[in-house]
Each structure stands twice: as C-alpha cells, then as structure tokens.
Amino acid sequence: MRQCYITILGCLLCWQLMAQTPQLPELQRDLLRQRDSAGYLNVLGKIAALYAVIDIDSSFVYAIKVRDMAVRLHDISGQADANDLLSWNYAIKTDFGVAGIYAYKALKIHEQLRDSARMAKTLSNIYVYYRNMGRKQDANNYFYRAFKMASRLPPDNDSVYGILLVNYVMRFYRDSTHADSVHWALQRARQVIAKYPRSKISFYVDAYSLNDLVKRGEGRKAEETLYLLADKALRSGMPYVAMDMYARLDDFPRMGYHPDTARYQEKAYQLGVQTGSIELNLYWLARLYDYYQQQKDAARMVQYGREIMRLAAEKRYQPNAHSFDYIGFFLKERAVSDLARQNRHRQQVLVAELAEAENHHLLVVCLLIVLVLVLALVAERYWHYQRLKQQDEALLKGYREMSELHLALTETDAFKNKLISILARDFRGPLVHLTEVAARFQSGTLSKAEMVVWLKHISTTSGQVLVVFDNILKWLRLQLSGYHYQPVRCNLLAAVKSALGPLEAQLEKKSILVKNYIPQGLTVAADEEMLKLVNIQLLQIAIAVAVPESMLEIATELIAGQMEVRIRVKTGDDARFVLSGLENWQDNELALGLVISRDLMKMMQGHIITEGQEQSYLAFGYILP
C-alpha cells in the first residue's frame with residue numbers, strides 16, 4: 001500500500017484546486033494577463049500544482065520556475081509552495097530521501113510564517129516519507145505532531161484535518177484493536193469534507209468505507225464500486241487518485257474476497273505510464289510479470305521484464321542509494337535538457353529569419369510610412385494642444401482680471417461703508433449740541449452769564465467738529481492710492497500726549513485717571529499723522545469701555561527688536577464679551593475705530609493687539625518696528 005500513502009500527498013498540495021484538465025488553458029490565459037510579478041507568481045504556482053495531478057515532469061519544471069522567481073522576489077511563501085511541490089515530485093518518483101529534504105525546507109518556512117495549516121500538511125508529508133523509508137519511530141513522531149496540530153485548526157480552515165483523518169484510517173484499518181477509532185475517523189472525515197465538496201479526499205473516504213461491504217461478503221459490489229470511483233477520478237483529471245482506488249483492491253484478499261488482480265494492476269500500470277510515475281507500480285510490475293509468466297504470454301513478459309530491469313537499474317534502488325546526490329543529478333539532467341531545447345529553438349528562429357529575409361525591405365517601407373503618419377498625427381495633436389493651451393491662458397487671464405476688479409470693488413465698498421460710519425458717528429454729537437445751543441439763543445431767555453457759558457460750549461463743540469473733520473481728511477488722504485508711506489523717527493511720548501488732548505473732556509466726565517509710563521526720548525519708526533490717529537482711536541475705545549473713576553495705564557515694552565505700546569483699562573464686565581463686541585464694525589461704532597487703526601497700522605508694517613486680562617481688564621495696543 002505504499003502507493004496510496006504517496007499519492008494522497010497530492011491532496012495536501014491541491015486540496016481546494018479541482019484537478020480538471022480544462023482548468024489548464026484557463027490558467028495559461030490568466031498567466032498572460034498578469035501585469036505584476038506577485039500575480040504572475042501566484043498563477044504560475046497554480047499551474048504547477050495542477051500539473052502535479054496531471055503530468056509529474058511538467059509539474060517539476062513549473063515548480064523550479066516558481067522557486068527561482070520566488071527567490072528573486074524575496075517571497076518566502078512562494079518558496080514554501082515550490083518546496084512542497086518539489087517534495088511531492090520526488091515522492092512520486094519514490095525518492096523519499098530527497099522529498100524529505102524539500103519538505104523540511106518548506107516546514108521551516110511555514111514555521112517562520114506561523115501557518116499552522118500548512119505546517120500540519122507538510123508534517124503529514126514527512127510522516128509518509130519516513131514510513132516508506134522504514135523509519136517507523138520517526139514517522140510516528142511526525143504523524144502525531146501533524147494530527148494534534150490539525151485537530152486544533154479553526155472550523156473554517158480544517159481541510160487538512162480531513163486529510164490527517166484519512167491518513168489515520170490508512171494506518172490503522174488493519175489493526176482490529178483500532179476498529180472503533182477507524183470508524184470514528186471515517187465519520188469525522190466525512191463531516192469535514194462535506195464543507196469541501198470538490199476535494200479529492202472524498203474518494204478516499206468512500207473507498208475505505210467499502211471495507212465493511214467486503215467483510216459482509218459483498219466483495220463483488222465493493223470491487224465494482226472502486227472501479228466506478230476510479231473512473232470518476234479519471235473524468236475529473238485525477239489519475240493518481242484513480243491509481244489509489246485500484247490499489248485498494250490489493251487489500252481485498254485479506255478480507256476474504258479475491259478480485260481480478262490482472263485487471264486492476266494493468267489499469268494502474270497504464271496510468272503510471274501516462275503520468276510518468278511508473279516507479280509507483282514497481283511492486284505490481286513484478287506481480288504482473290509473474291502472472292503472465294504463468295499464463296505463458298511471452299510478449300507481456302518481455303514488456304514488463306524490460307520495465308522492471310530499467311527501474312531496478314536506477315541507483316535509487318541500489319544498497320548505497322542514500323549516498324547519491326539525487327538533487328544535483330536531476331537538476332544537471334534538467335539543465336542539459338534545457339540547453340538542448342534552447343539550441344533547437346535558436347535553430348528554428350534562425351531558419352525562420354532566413355525565410356523571411358526577402359520580406360524585410362517591404363516591412364521597412366511599411367514602417368517608414370506608418371512612422372510618417374504617426375509624426376503627422378502627433379504634429380496635428382500638438383498644434384491643437386497649443387491652441388487649447390493659449391485659450392486656457394487667455395481664460396485664466398480673464399479670470400484674474402475679474403478677480404482683481406472684484407477685489408477693488410470690494411475694497412471700495414468697504415471704504416465707503418467706513419466713511420459713512422465715521423461721518424454718522426463723529427459728526428452726530430457735535431451737530432446735535434450746536435442745534436440745542438441755537439434753540440436756546442432763539443428763545444431769548446438767556447442771562448449774560450448763561451450766554452457766556454453757552455458760547456464756551458459752542459467754541460468747544462466747534463473745535464471738536466474741526467478736529468473730527470481734520471482726522472477724516474487725514475484718513476482719506478492716507479487711503480488714496482497715490483500715497484506713499486515713508487517712516488520717520490517719531491517721539492512716542494509726544495504722540496500719545498497729543499492724542500490725549502482732544503479726549504480730556506471725556507476723561508474728566510468719567511473721572512478716569514491716566515497713568516503714562518512712557519519714558520522720555522523713546523522713538524519709533526512711523527508716520528506721525530498715522531500714529532496720532534491710531535492713538536486717538538485706541539484711547540477713545542479704552543475710555544468708552546472703562547469703568548468710571550478707574551485708571552487708564554499706558555506702558556511700553558521692547559520685544560524682539562520691536563516696540564509694543566499697551567493701553568490697559570478696567571471694563572467691569574467680562575473682557576471676553578467686550579472683545580466679542582469689537583468684532584463687527586458695521587454695528588459697533590467702537591469696533592469701527594479698531595478697524596481703522598488696523599488699516600493704518602498695516603500701512604506702517606505693524607499690527608494691533610487686543611486681549612483680555614484677569615477677566616475684567618482689557619488691553620489695547622500696537623507693535624511697531
């Protein structure tokens with residue numbers, strides 16, 4: 001039964017690959033469609049695995065290609081697949097020592113990848129090799145290790161467990177003390193393969209289940225059932241499985257039924273010839289020779305005698321076979337064969353090139369014509385490309401001009417809104433006050449002392465109107481496009497004091513005490529008028545939000561070569577709410593002053609800062625170079 005133990009290894013390599021010959025053209029077409037190395041290697045491995053159950057020599061050639069390509073791509077999983085295939089090839093040739101070497105290499109890679117399913121498969125292979133080499137103790141160790149690992153695989157990856165269950169049946173079906181466990185293993189294997197209806201292992205479960213039929217005296221029925229299973233395997237493109245089915249008949253005499261030995265042994269021999277694995281049938285060849293010798297069939301005796309002598313002459317069957325380098329020998333033979341095939345191919349190419357020499361001139365002319373047409377097409381497409389590029393550039397230029405015009409209109413609109421807001425804010429108070437004074441004069445009820453007081457009010461209000469009007473004119477002049485900013489050294493203390501002058505009435509009204517900590521002689525690079533306007537705007541905001549009878553602090557600090565001026569007041573409310581109210585200049589008059597200050601400071605290469613401090617304190621300021 002050594003053959004059955006060997007060929008079931010095919011299941012370990014191609015469990016989910018249905019070995020039907022029509023798959024081969026499909027895989028070959030798929031190979032031509034691959035555009036990356038990983039996909040090409042994957043399809044190449046499938047072809048090698050498919051050939052493992054069709055033609056052993058072709059499988060070996062593809063396995064070598066898979067291994068070499070996997071080495072180049074540093075794909076260790078592909079190298080493991082190639083080693084498993086090479087192991088299977090040598091096992092079919094009954095070179096179990098060499099097969100074990102490749103299987104051990106594959107096992108080491110599976111362990112590195114921590115692939116328990118593949119480890120269990122390869123361990124089962126090594127068990128079969130040791131068993132056929134007569135090393136029972138080593139075989140037992142690998143068998144139980146594989147069986148234990150396969151039994152722990154998850155249900156969605158337990159296909160290898162079915163293979164190990166069948167191996168268990170093969171090993172113990174003759175042992176009456178294991179009869180119960182053998183029946184359990186067959187039932188359990190049938191449950192596992194129910195999830196894999198296309199697997200080859202179902203043939204083995206059905207075949208070993210026929211033992212009970214033979215023992216009940218229905219040997220003839222069991223024999224014909226095995227022939228049907230073998231025919232089904234052949235139709236599915238699985239000749240090695242069919243050979244295993246015939247091998248089961250060799251065990252029937254032990255159970256009391258004697259089938260036609262010449263019939264199934266002849267069939268197995270023919271399959272061995274077709275698949276290139278005649279070595280598997282050496283045992284049956286000897287029996288066929290003896291049978292036809294008894295029948296005095298000289299022709300068959302010569303045929304089988306030659307095969308026996310040819311196989312027996314191979315060194316693997318000699319006593320010192322274990323010392324021979326089968327791997328190097330076989331690869332050298334294959335290399336010589338490849339060189340011969342390459343030589344024949346080159347000769348064919350040379351003959352073809354000589355036969356087509358007369359057509360070269362016409363081919364060159366055709367290529368020149370095609371080249372001219374291609375150049376004309378390229379020139380035409382390039383011309384269209386340039387036209388489209390010019391159109392795109394013109395369109396992009398138009399978009400840029402529209403964007404610039406829109407930006408200018410937006411800035412003009414913003415400038416108009418600011419001007420209207422300034423006029424509405426700064427002129428309203430003084431004009432209302434003048435209107436009230438005029439109404440008092442018209443009443444004629446004023447005394448001389450009251451007249452003097454109101455005239456002073458008129459003088460003060462008129463002065464405020466003139467200051468506001470002067471500030472507006474300065475701001476307008478600074479906004480004109482022709483204005484060019486030229487900074488000069490400005491005395492900072494003088495600039496702040498000049499800004500506090502127009503605001504004395506407001507400070508006195510709210511009883512705010514001013515603490516000016518700006519030192520004498522401190523200067524900054526700025527425009528004097530701009531700096532004055534910024535100070536006025538910020539001080540107005542600070543006075544407006546300050547709590548009556550509080551303190552207004554003005555201080556400076558030199559930070560990283562820039563001068564920071566900070567105005568600090570107590571607001572009484574949460575500074576965060578005050579700051580949020582200064583964000584919308586369209587609705588908040590104080591916020592408009594902050595916006596104007598930012599515009600002016602931006603022109604002087606500086607910027608405005610506002611921040612809340614200690615919740616109820618608010619700091620305004622600016623930073624200049």
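**Entry 1: the record.** Which residues does UniProt list for "transmembrane region"? The unreviewed entry gives residues 360–379. I noted that UniProt positions follow the numbering used here, that feature names are shortened, and that annotations may be inferred rather than shown by experiment. In the model, the end C-alpha atoms of residues 360–379 are 28 Å apart, and the span is 100% helix and 0% strand.

**Entry 2: ground rules.** This is a predicted model, in which local features need pLDDT of at least 70, side-chain atom pairs count only at pLDDT 80 or more, and totals for chains, interfaces and linings use all residues. Residues are numbered from 1 along each chain as its sequence is written, and side-chain values use heavy atoms, with hydrogens and water left out. Helices (H or I, at least four residues) and strands (E, at least two) are DSSP runs, numbered from the N terminus.

**Entry 3: H8 and H9.** I looked at helix H8 (residues 116–132) against helix H9 (residues 136–151) and found an angle of about 155°, with the axes 8 Å apart. H8 is therefore roughly antiparallel to H9. For the scale: under 35 degrees counts as roughly parallel, over 145 as roughly antiparallel, 65 to 115 as roughly perpendicular, and the rest as oblique. Axes are lines fitted to C-alpha atoms, for helices over the stretch in contact, and angles run from 0 to 180 degrees between N-to-C directions.

Who touches whom? Among the contact residues are Leu123, Tyr127 and Arg131 of H8, and Asp138, Phe143 and Met149 of H9. Contact means heavy atoms within 4.5 Å. By class, I read 12 nonpolar, two polar and three charged residues in the contact of H8 with H9.

**Entry 4: H10 and H12.** Next came helix H10 (residues 159–172) and helix H12 (residues 201–209), which pack at about 30° with axes 10 Å apart. These two are therefore roughly parallel. H10 brings Gly162, Ile163, Val166, Val169 and Met170 to the contact, while H12 brings Ile201, Tyr204, Val205 and Tyr208. I read eight nonpolar, one polar and no charged residues there.

**Entry 5: the sheet.** In what order do the five strands of the open sheet stand? I wrote down S2-S4-S5-S7-S6, with mixed pairing. Strand S2 (513–516) and strand S6 (607–613) are at the edges with a single partner strand each, so one side of each has no neighbour in the sheet. On average, neighbouring strands are turned by 20° against each other, direction ignored.

Then I went pair by pair (two strands pair if DSSP finds at least two bridges between them):

- S2 and S4 are parallel over four bridges, and Leu513 stands opposite Met551 in S4.
- S4 and S5 run antiparallel, joined by seven bridges, and Leu558 stands opposite Met563 in S5.
- Strand S5 (residues 562–570) and strand S7 (residues 617–624) pair antiparallel over eight bridges, and Leu624 in S7 is the bridge partner of Met563.

I also stopped at the hairpin of S4 and S5: two residues lie between the strands, and Ala560 in the turn has a positive phi of about 50°.

**Entry 6: helices on the sheet.** Helix H23 (residues 492–500) touches S2, strand S4 (551–559), S5 and S7, and its direction makes about 170° with that of S2. Helix H25 (residues 528–545) lies across S4, S5, S6 and S7, at about 175° to S7.

Technical notes: Nonpolar A, V, L, I, M, F, W, Y, C, P; charged D, E, K, R; others polar.
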